[in-house]
Structure formats: structure tokens, C-alpha cells
Amino acid sequence: MKTAGLYVHVPFCDHKCVYCDFYSIITTDNVSSYPQALFKEIEHYAEQFAESHDFVTIYFGGGTPSLMEPEYLESIINKLHKHFRISADAEVTMETNPGTVSKEKLIAFRKAGINRVSIGIQSFHEDELKFMTRIHSSEQAQKTVREAAEAGFANISADLIFNLPGQTKLKWKENLDTLFTLPVSHLSAYSLILERGTILNKLVLDKKVTLNDDDHDADLYEYTIDYITGKGFNQYEVSNFALPGYECIHNKLYWEYDDYLGLGTSAHSFMNDKRWWNISSLKLYLDAVREQGHPRAGSEVPDRQMQITEYIMLALRAGGLDISAFISRFGGTEYEIRRPELDLMQKEGFTILSAGKIKLTPKGYAMCDELLTKL
């Protein structure tokens, strides 16, 4: 029996933020017909994976899943339980935006089966929220976190973005200071990334927005690591920090090269060493599911060298490269081929060897992309 996670994409959103490149739509057309297509997709994959996999997580991403009524997500959860083997203590996460939920709605989501919320705060400064075209205020964000705790959520994650245009270290520190007055157990702290096709990308190309340089970004990132780990949070991935026992199980499946099944528009899957991805367009997704039972847009089977590359990359970005696990999976020869470069990284202070794992140091995390490219 293999361990796996379930991802469900909910594409509906009330607004498209300038930096976002995830598939989302701001129309409510097809909201009611979407679950029926999801149900059909679930039935299609249940024939292949219901008996071979133990699913330990369900993750509702988007879009803005919290825009939906609790009954909407509950119907999907019930369908997943009906067709897949889902652990009794499965982690069930819902991405949540401040301003889309009340305390009463959060209580209802808890009753529907959600036991973890990931709240997209991004900043507590009103000018930064305005720049990112977020629809909530700092006060609403803080209220949402507190109400989530009052609703019974013990596992609360928050997202923040640093290195926004003109953001000083002091301003970023104030964001972190505010966050740590709130009952959060997990934090995702991302550097602002310029993605092609976003509104922000066009603003930069049109020279209406100027981004900070790489040195400023690195300085803020190193400060972020020192600050958050100083609060008792462990860094268990490049951008993710958690109190002990509150690491995101679902995301760890990705980073540990385990299986995951993605459902809905634009969702990606990696099952039994095969990868595939769904159609993004909601209309085309609905048509494909109706006509062929699944919305697959493309697929690939990574060859051995690609698997090794991905395994090492994901492991180093996260909890570390377990040497014994790597050798067991790919063989000692493959490890010896890469050992000189891995040893050099340790000698230069980018990694440490601890309990049989090669782990990035804070210095290594700051240089992560460059190191992985070399490796």
C-alpha cells in the first residue's frame, strides 16, 4: 500500500491579484456544475488507485476555496471518502482568504471535515495590500486568524510575501511582528516572484513597477530565517516554517517524491512514477470530463535521470537528502557519481550532514537555486 495525497482545485475567485499565476476565474458560471464533473473524475481514478493507495491528505487549493459554502466542499469530501481509502486522521486543508469567511462559516467548515486552514494574508501593511490588489485589510486578516482559532482550528497556516517593491527590512519586520501576535502554527514566507502572464509582469515590462535587486532579496530572506527560527519554528523547506508537529503533510508528499493525485482544473498528478496534468479552462475541463471521463491535457513518464534529479532537488529544498533512502531507491553508483559535488557543498558551508541526511544550512537555503543548478 503506497501513501499519497489528494489535491482538489477550486478555480473560483472574487478577484485576480497582480502577482498570481494560478488558474482562477472571477465568474460564478458553472459553480454548481463543477462538483458533478469532479465526481466523475473521482470515479475515473478510483478504478485505478482506490485499492493501491492510502490517501493521508486532502488539500483544497485555488482560486479561493473558502468562497464556497461549507456544504459545497463537504460534498466533495464525502465523495472522496466513498471512492478512496482515506486515513481516519487525514490532514484536510483549505486555502482561505481573509474577507471570505466569518467565524460561523469557519465553524461550519470544521464540521464539514476541514481540519487545517492556510490563510493568504501576504502583508499587514495597507499600502502593500493595495499594491498586490488584495481585497482584505490588515484588520480583517488578523480577525480571520483569531476567528479560525476560536472556531476550533489548532492547525493554522499563514502566507506572507517579502521583497515587495520598496519594502525595507523594517517594514518586513513589522509584518513578522504582527503575525507572531496571532495563533499560527505554520508560516509560508515567499519572496515576490515575477511570473510570466501576470499583471505584475506587464507592469514591470512597462516600467511602471521596479523590483528590488537580488542582494536586497537575499538579505531579507536570511533575516526571515533568523527571525522565524528564533520564534521556535523549524524551517523544513525553503519557504516553509512550522512549530514542531505542524509541518504541512500534504506539501511534504510533494517534496519527498511521494504520490499525489490532482483533481479539477489545472491540477497536476504524480502517481506510480507517471506525471500528468489537467486542462486549465473550466469550460474545456467540463467538456472533457463529460466526453471521456477525465480532463487530462498531457502526461510524461520521467526517465531515471530525471527522477534522480527531481528527487535530489526536492529533498534538498525540504528536509534533506536521506543518503540511505537515495541509495535504496537509485543505487550506490548514482550516489557516488554525485558525491564530489555534495562533499564540496558541505565543505563550503552550504550543507551539513546530520543523522544520515544532507541538509542545507541557512547559507545554503539562500543560495538554493544556484546550488541545485550546479548539482
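Predicted model: local features only at pLDDT ≥ 70, side-chain atom pairs only at ≥ 80, totals over all residues.
1. A friendly place to start is Ser-239: beyond its neighbours within four places in sequence, Ser-239 is in contact (heavy atoms within 4.5 Å) with Leu-187, Ser-188, Ala-189 and Tyr-190. Ser-239 is found in the loop between β7 (234–237) and β8 (240–242); helices here (H or I, at least four residues) and strands (E, at least two) are DSSP runs, numbered from the N terminus. Ser-239 counts as buried because its relative accessibility is 11%; buried means under 20% relative accessible area, exposed over 50%, and partly exposed in between, with a 1.4 Å probe and protein chains only.

2. Residues are numbered from 1 along each chain as its sequence is written, and side-chain values use heavy atoms, leaving out hydrogens and water.

3. Asn-240 counts as buried because its relative accessibility is 2%. The side chains of Asn-240 and Glu-237 are joined by a polar contact of 2.8 Å; such a contact is a pair of N or O atoms within 3.5 Å, where, within protein, one must be able to donate a hydrogen and the other to accept it, and residues adjacent in sequence count only if both atoms are side-chain atoms. Not counting residues up to four places away in sequence, Asn-240 touches a set of residues that includes His-186, Leu-187, Ser-188, Tyr-190 and Trp-255.

4. Now look at Ser-123, in the loop between β4 (116–122) and α4 (126–131). Is Ser-123 buried or exposed? Ser-123 is buried, because its relative accessible area is 0%. A polar atom of its side chain lies 3.0 Å from the backbone nitrogen of His-125, and the side chain of Ser-123 also makes a polar contact of 3.4 Å with the side chain of Asn-175. Leaving aside neighbours within four places in sequence, Ser-123 is in contact with Glu-128, Leu-129, Met-132, His-136, Leu-160 and Asn-175.

5. Helix α5 (residues 138–150) has 13 residues and reaches 19 Å from its first C-alpha to its last, close to the 18 Å expected at 1.5 Å a residue; the expected span is 1.5 Å times one less than the number of residues. Its buried residues are Ser-138, Ala-141, Gln-142, Thr-144, Val-145, Glu-147 and Ala-148. An α-helix has 3.6 residues a turn, so residues three or four places apart point the same way. The elements that cover the buried residues of α5 include α3 (103–112), β4, α4, β5 (156–162) and α6 (169–179). After α5 comes Gly-152, with a positive phi near 110°.

6. For helix α1 (residues 34–49), the 16 residues should span 22 Å at 1.5 Å a residue, and the end C-alpha atoms are 22 Å apart, which agrees. Among the buried residues of α1 are Tyr-34, Pro-35, Leu-38, Phe-39, Ile-42, Tyr-45 and Phe-49.

7. The peptide bond from Gly-62 to Gly-63 is cis, with omega near 20°, and Gly-63 has its place in the loop between β2 (53–62) and α2 (70–83). In the loop between β10 (268–271) and β11 (274–278) you will find Asn-272, which has a positive phi of about 50° although it is not a glycine. Asp-273 is in the loop between β10 and β11, and its phi is near 65°, a positive value in a residue other than glycine. Asn-272 counts as partly exposed because its relative accessibility is 39%, and Asp-273 is partly exposed because its relative accessible area is 31%.

8. Finally, Ile-193 lies in the loop between β6 (186–191) and α7 (199–205). Ile-193 counts as exposed because its relative accessibility is 52%. The C-alpha atoms of Ile-193 and Ile-161 are separated by 9.4 Å, and the two residues are 32 residues apart along the chain.
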